[in-house]
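Biologist: Could you put the model up, so that we can go through it together?

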Amino acid sequence: MRGGTSKGLYFHSSDLPTDTATRDAVLLAAMGSPDVREIDGMGGGHPLTSKVAVIQPSARDDADVDYLFLQVWPDRAEVSDNQNCGNLLAGVGPFALEEGMVKADGPTTEVRIWMENTESLAIARVQTPDGRVRYDGTAHIDGVPGTHAPIPIEFLDVAGSSCGALLPTGRPVDEIEGVRVTCIDNGMPVVCVKAADVGLTGYEDPLEIEANAQVCSIVEKIRLAAGPLMNLGDVTNKTVPKVSLLAPAQLGGVVATRTFIPHRVHEAIGVFGAVSVATACLVPGSVANEVAGITDPGAQHDLDVEHPTGYFTVSMDVTFEGSDVVVRRASLLRTARLLMRGEVFVPTSVWRSR
C-alpha cells in the first residue's frame, strides 16, 4: 500500500514469525535488503519505499488494531522499530477494513489505532460508502500525484512519547557543536536547526544537501550529541532523532524544512516530523519559533510546514501553562491506496515453517 508519501508492505502479525530475529530475516529477504537497489525483493531502494506495517486486532479497549512500524534499510541488513511512521499509518485503517479486522460503519468508519512504537493512540477516519473502502477522491497531498479520498488522522497523547517530554532537555534552546538547536518530541524526536547556522539557505534540493559532505558531517555530529540529551541514549545506529533544517517560509507557510531521516534528506517531510516541527514553531523562544516569527501563538492553528515538494498542514490545539506548551490535539490529512495483495516469497533457508 501507499500510505501518505511512503510505500510499504502491510502484514498480518499472525503471518510473520513470532521470534524477532527470524521475522527480521524474513522482512529483509522480502524487501531484497541489503542492496541499494533492493533488486531481489519488493523494496524500492529508498528508505521511504522500504517500509513495513505489521497489523493485528487489538486487545485494548480503546483501540481496534495494533500497528507496529518497521523500517527496513536498503543499504544494510537492519530492521528498526525505534520510530513511528505516520505515512504508513494512513494505510492502516484501510488495511484493517479490507482484511475484515474492522467492520465498515456507514459512509465513514472510524478506526482507532494503537501505535506500538510510541505506545500512543491515533484515530483515522476512512471513507466507506456502501461498506467498501473508497480510494478515489478530491484530496491532494504534496509528494503524491493526483487526488484521492481524504483520511483525516487525529493523534492523542503523542507529546513526549519517545523521549518522555515534549522538550526532552527541559529547555527551548540548547547549544550543540556551537549551533543553537531545539530538541522536541511530539510523536517524532526532532532536532530543529537554522539552515543558515550550518551554511545553507534551507531551500536547496535534497540531493544537493546530501552531496555536501561538510553539512552532512556537522548535522550528524549534532544528531549524535542530541541523542543522550533527548533520553535516547547512543543513537549511532538509530533512526532518531531526525534533524530538520529550518528557513523562513517561501510559499506562505510558517517555516521551510529540509529534514535528514537521518542520513538521507527527505523529499518531503515525515508525518510526525511535521507535527514536531509545527509544535516547535509554537514554543516561545525556540529556534523554530524564531524562524517562523510567531509572536502570539494562541490556542488553535493550522500550520503549513513547507518541504521540498510542497507543504504539509498540521492542525494544532495547544494551551500555555506559563512558558510550557501543552498539546491538546494534533491532526492532519493523509491519503492512501491499496496497490496489490498476494504473497511475497522468501528463501526457505530464511524461514522453513511454510
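Modeller: Let me begin just after H1, where glycine 32 takes a positive phi of about 85°; helices (H or I, at least four residues) and strands (E, at least two) are DSSP runs, numbered from the N terminus. This is a predicted model, in which local features need pLDDT of at least 70 and side-chain atom pairs count only at pLDDT 80 or more, while totals for chains, interfaces and linings use all residues. Residues are numbered from 1 along each chain as its sequence is written, and side-chain values use heavy atoms, with hydrogens and water left out.

Biologist: How many residues does H1 have, and how far does it reach?

Modeller: Helix H1 covers residues 20-31, twelve residues, and reaches 16 Å from its first C-alpha to its last, close to the 16 Å expected at 1.5 Å a residue, where the expected span is 1.5 Å times one less than the number of residues.

Biologist: How many residues of H1 are buried?

Modeller: Nine of the twelve are buried, so H1 is largely enclosed by the rest of the structure; buried means under 20% relative accessible area, exposed over 50%, and partly exposed in between, with a 1.4 Å probe and protein chains only. Among the buried residues are Arg23, Asp24, Val26 and Leu27, and what covers the buried residues of H1 includes strands E2 (6-12), E3 (51-57), E4 (65-72) and E5 (79-80).

Biologist: And leucine 16, where does that lie?

Modeller: Leucine 16 lies in the loop between E2 and H1, and at 7% relative accessibility it counts as buried. Leaving aside neighbours within four places in sequence, leucine 16 is in contact (heavy atoms within 4.5 Å) with Phe11, Arg23, Val26, Leu27, Val54 and Trp351.

Biologist: Changing topic, which residues have the most contacts inside the largest nonpolar core?

Modeller: They are Tyr67, Leu89 and Phe155, in a core of 86 residues, to which H5 gives the most, with nine residues. A nonpolar core is a set of buried Ala, Val, Leu, Ile, Met, Phe, Trp, Tyr and Cys residues joined through side-chain atoms within 4.5 Å. A second, separate core of 15 residues includes Leu9, Val26, Leu27 and Val79.

Biologist: What does leucine 89 contact?

Modeller: Beyond its neighbours within four places in sequence, leucine 89 is in contact with residues including Tyr67, Ile113, Phe155 and Phe272.

Biologist: How many aromatic pairs are there?

Modeller: A search of the whole structure finds two. In the pair of phenylalanine 155 and phenylalanine 272, the ring centres are 4.7 Å apart and the planes stand at 55°, so the pair is tilted; rings of Phe, Tyr and Trp (its six-membered ring) pair if their centres lie within 6.5 Å, and planes under 30 degrees apart count as stacked, over 60 as edge-to-face and the rest as tilted. Phenylalanine 155 lies in strand E8 (residues 151-156) and phenylalanine 272 in helix H5 (residues 271-282), so the pair ties together parts that are 117 residues apart in sequence.

Biologist: Is phenylalanine 272 buried or exposed?

Modeller: Phenylalanine 272 counts as buried, at 2% relative accessibility, and phenylalanine 155 is buried with a relative accessible area of 2%.

Biologist: Last one, H4: which residues there are buried?

Modeller: The buried residues of H4 are Val215, Val219, Glu220, Ile222, Arg223, Ala226 and Gly227. Seen down the axis of H4, they fall within an arc of 165°, so they line one face of the helix, the arc being that of the directions from the helix axis to the C-beta atoms. The face turned away from that buried side carries the exposed residues Ala213 and Gln214.
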